[in-house]
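Dear colleague,

Please find below the structure that I am handing over to you, with its sequence. My notes on what was found in it follow directly after.

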Amino acid sequence: MKANVKKHTGDGIVLSIGMIVKNEEKHLDNCLSALKKFMDQISCELIIVDTGSTDRTKEIAYKYTDQVYDFEWIDDFSAARNFGLEKAKGKWFMFLDADEYLDEDCSQLVTFFQHPEVYEKYNSGTYIVRSYLNSETGETCDFQAVRIVRLTDAISFEGKIHECVPCYIPVINFDTVFHHHGYSANDPYYLQKRNERNLPLLLEEFEQDPENGDIVAMIIDSCVDREKKQTFIELGLKLCELPRNGRIRNALLVRAFRFYLEEGLFEQAEEVADIYFAIEANKDSVTLLHMHQGKATLYMQRHEFEQAADEFNNYFAVYNDYKSGKLDTWDMRAVPVYGCSDYEHEQIRWRYISVLSQLKRFDKVAHQLEQFDIAALSFDSFRSYLASWREVLHDTKDYKKAAQLYERVLCLADESKTELVLYMLEQYYQNHILEREDFVRALADSGVDGLYIELMQIVKAEMAGEDVTARLYQFLSKPTSWKEGYTEAIYLCLKYGLDLSSLVATQNYQVLRSHFPKMAMMHTDYSKQVLWYCRRNVLPMTLRALSWTVSALETAVLSSRTLYADGRNQLYDLFVCTLSDYINNIYNPELLNEDDIAVLPELHQFGYYMTLAFQARNQGDGLAYIRNLRKAVACCEPMKDLVSFYQTQFADALKQKQS
């Protein structure tokens, strides 16, 4: 249909943009600043109709246009829209709300309105309104809104609420997104708005036309009261039995399905889904996106994971059709559809991965993980991503995939994500002792470049009995950060007696200290190797090196149960003497006394009392020796085995002396 073209008085104005606002200072500036980037590229005007704001709304509006008009609110959105429409001078008219923000990519709209030879072919246009339904979960739905129309004398808005203009063919559907933040279910203002403002107006229209499926659908959306919503859901299902167009029927079916699903009424939800899928015309409807992922959720809730997996597969197939333009999107003008956006698609993939994990189909989990754009994943999402990969590796033992994952992450040049994947790889190496050799060989032979792969090649050579001293020295200078991934390199340096002074002098002390517990977990001979290394005095005894040595010995002491008594005695003596030297270097011995040491770190208090205990033992004062041992363990409970060792040693010596 093509109506008579309206005569325009605004020379050169191609597009008039109309808005109605009231108390929108929270959103308006963001809305208009995003819109301005679009307006600056085409010939247009902005018309803002204020219906009674008492905040800074009008002040903000005047920053962007001088066409700001007052309109007395009469409980009729169309009346307010038409008031602004009458002032429009453009060839086309576009309208939006203050809580909608135009996406940064508005190139399609710009191109359209810059070329008369293009826009002269059409009479209406739609764009995607993406509503953010929960600010905590990020849940969204997409609506293909008829928001652009060629201005003619016949154009006017209809409907007291959720007002609209006729959609004249031919219609152009834009992929451009307006992000709508006014429908958040966890926003008390929105719940109040839809229940106290929207619902009464809709019920008034319902009384005049009780078989209008569009109105019933909008009432369902606006109901806060569960019982009232269910009443209109049931009414909507009865209306579906009447002859009516498929768009309205699907609008009611999808809403009923979602309601029953959210309420846990799975039997009723499945019945509605059966009605929907039995309709031949729905085989290529965009609402399939909503229904397939909804059915998958239904089956997940019932722990029917095989069926859930099938429905997820159906969803992904339909999603590919949607992205390639094969689906009929007409229904999206009446039905907000879930599962359309990249974010929703990603969340659904996570749920599918969860189902596949339940079914132990980790080969398919790996395939799904490989579909993610890891550069776009947030830090928390990337952690979940690696947790899923850890499950895959544990089940499949396909360690080449670990190398490929590491390579993909390195290509991002993202330090935080690189650290996370190094942490994952190191944890796997640490916790899978029986598989460690296979893990090392697979990564070493993967053909991937990267420092962790180089370390695995050194480990592989060392396992084969080769002398890796030179390769270790070369490796030590390469990592810029030792926070994650390279614990095994430090262990091998201890084992081969390499000078680590440059590493100790340049790297963060807390980072280096964090490697000792990992080494103790990875290697049962850690305490033996540390004792051997520290007794050789490889490091020059700077304060920094002394601190590092104390930490290495502390962890060795806590992991020393595998040592024979003689080895433990040597380790404990070396630890106490080194700790005593360290304390005497960082504190003035003359200022240390029992009244003040309570402010010191726990280990330093322990060192103070152990120093007194050793002094008493050397002086032959057994009572003072035992007393200080007890004080030492009282302030540092983790060292109870060490203290118990000395107490037993003292008791045995005393018995021998008495006998």
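I begin with a contact between charged side chains: Glu454 and Lys478 form a salt bridge, at 2.8 Å from N to O (a salt bridge is a side-chain nitrogen of Lys or Arg within 4 Å of a carboxyl oxygen of Asp or Glu). This pair links distant parts of the chain, 24 residues apart, with Glu454 in helix 19 and Lys478 in the loop between helix 20 and helix 21. Helices (H or I, at least four residues) and strands (E, at least two) are DSSP runs, numbered from the N terminus. Lys478 counts as partly exposed because its relative accessible area is 39%; buried means under 20%, exposed over 50%, and partly exposed in between (1.4 Å probe, protein chains only).

Please note that this is a predicted model, in which local features need pLDDT of at least 70 and side-chain atom pairs count only at pLDDT 80 or more, while totals for chains, interfaces and linings use all residues. Residues are numbered from 1 along each chain as its sequence is written, and side-chain values use heavy atoms, with hydrogens and water left out.

Other salt bridges

The count of salt bridges comes to 34. One of them joins Asp70 and Lys58, at 2.8 Å from N to O. That pair also links distant parts of the chain, with Asp70 in strand 3 (residues 68–70) and Lys58 in helix 2 (residues 57–62), 12 residues apart. Lys58 is partly exposed, because its relative accessible area is 27%. In another, Asp40 pairs with Lys36, the closest N and O atoms being 3.0 Å apart. Here Asp40 is exposed, at 55% relative accessibility, whereas Lys36 is partly exposed, at 39%. Arg81, Asp97 and Glu163 are linked in a network of salt bridges.

Helix 20

The buried residues of helix 20 (residues 469–476) are Leu472, Phe475 and Leu476. Seen down the helix axis, they fall within an arc of 100°, so they line one face of helix 20; the arc is that of the directions from the helix axis to the C-beta atoms. An α-helix has 3.6 residues a turn, so residues three or four places apart point the same way. The buried residues of helix 20 pack against helix 19 (451–463), helix 21 (487–496) and helix 22 (501–506), while Ala470 and Gln474, on the other side, are exposed.

Ala296

Ala296 lies in helix 11 (residues 288–301) and is buried, at 0% relative accessibility. Leaving aside neighbours within four places in sequence, Ala296 is in contact with Ala308, Glu311 and Phe312, where contact means heavy atoms within 4.5 Å.

The second largest pocket

Which residues lie nearest the centre of the second largest pocket? They are Ile128, Phe174, Asp175, Tyr322 and Lys323, from a lining of 22 residues. A pocket is an open set of points on a 1 Å grid over the protein atoms alone, where a 1.4 Å probe fits, with protein on both sides within 12 Å along at least five of seven lines; lining residues have an atom within 4 Å of a point. Strand 8 gives the most to this lining, with five residues.

Yours sincerely
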